[in-house]
Amino acid sequence: MTYDLLIKGGHVLDPGQGIDATLDIAVTGGKVVELAADIPPEGAARVLELRGAGRHVVPGLIDLHTHVANGAITKGVGMGNCDADDIGVRSGVTTVADCGSVGVANLGVFPAHILPKATTRVITLVNAGSYAHTMPGPADVNTLDDINRDALAKAAEYNPGLIAGVKLRVVGPAFQGIGEEIITTAKAAAKDLGVPLMVHIGDFTAKDAASAARRGELTRFLLKTFEPGDILTHLCTPNSGRVLDPAGHPYPEVAEARANGVVLDSALGRGNFGIEVARRQADLGLFPDTISSDLTAMGQTFHSLLECMAKFMSIGYTLADVVKATTASAARALSLQHEIGAIAVGRDADLSVIDVVEGDFTFTDTTGQAFNGGYGLVPVRTIKAGEEFSPGWGTHPWGWLPASAS
Ligand SMILES: [Zn+2]
């Protein structure tokens, strides 16, 4: 046999398929053509030999919640967005989902500018609010008129396959009064398009006790409104609207939603990861289905998807858990489980080579609380449909590893 690329000697970890072994991977024409132990290197045009403890090959990582509408939002105004390949193939990630960086009014930036330019696979979820995104300022949806179901349906009709979901942020004063109506209208809009609704919980604007209680009520309403395949994002938020009641018990709707096939995504970001919330949830067995970064241009300066995974490892989740949450489970959340998220013969060769580094690391949650962990994850090589990419320098001034605790 001849191969374009042979990846030899790697510890292949694909928890979605139960693969955890030293295997070689042969790639030809951008596809995986063989996955076996000791594939002879003769005939391979190029051999990538992986040596060293801790070096793993995992399915190309999928970041389920990012912001990559770079160029749609003027730099310095509102929420700066990332370049898809910076946080994609140059960060060990082969697929990113943009979650509502733009509304229907400027959704056209994706097919016109972002998708043609990106090597990383980009999945687009449109904001329910037509003129999103103004973060970190006011909300995306202030009145029901901000959700234009007709325009969304037209956008979907004229751009087949573009819209993979509708995103709603339960953020802002309008939710105090018409929260239920906003949620049901966004759900109806998603249903019109036959796509999932993804909802951001965690309202940093609802600070007083009455507003906080109201956000809790809305989260329960939301969980009851969700249908199988809908996605709750920011599971571990320390802000108002979290899934645990003030005494730290999960609302009963959480288990019901999960049993009904609702996806619980973590999306750490700059505002929605409380370490105490995440630990409490781990104690309760309330694990996130998926781990995502919620990266923005600002977020890029202090974390990465791999660092988000390392944060969950600090709580006690295993490497296999965090890899599954960013491969098989994330693929399923996007209904792409038959295309991505697994290493299998006949599929695109989307692979991430990562180093698992043991050490004494320190992290910070989004409330500023520091916590320690024993693992850092470093991207070594990304392979996207057989094409190789080297990672960039990394998140921190010193590179990819989390900060050293000592
Ligand atoms: Zn986000």
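Reply: Gladly! The chain holds ten helices and 16 strands, where helices (H or I, at least four residues) and strands (E, at least two) are DSSP runs, numbered from the N terminus. This is a predicted model, where local features need pLDDT of at least 70 and side-chain atom pairs count only at pLDDT 80 or more, while totals for chains, interfaces and linings use all residues. Residues are numbered from 1 along each chain as its sequence is written, and side-chain values use heavy atoms, with hydrogens and water left out.

Me: What makes H65, H67 and D294 donor residues of the zinc ion?

Reply: Donors are N, O and S atoms within 2.8 Å of the metal (3.2 Å for Na, K and Ca); water is not among the atoms, so sites may look incomplete. Here H65 (NE2), H67 (NE2) and D294 (OD) coordinate zinc at 2.1 to 2.2 Å, so they qualify. H65 lies in strand β6 (residues 61-66) and D294 in the loop between α7 (275-283) and α8 (305-315), so this pair ties together parts 229 residues apart in sequence.

Me: How do you know that the buried residues of α2 line one face of the helix?

Reply: Those residues of α2 (residues 109-117) are V109, F110 and I114. Seen down the helix axis, they fall within an arc of 70°, taken from the directions from the axis to the C-beta atoms, so they line one face.

Methods. Buried < 20%, exposed > 50% of the residue type's maximum accessible area, 1.4 Å probe, protein only.
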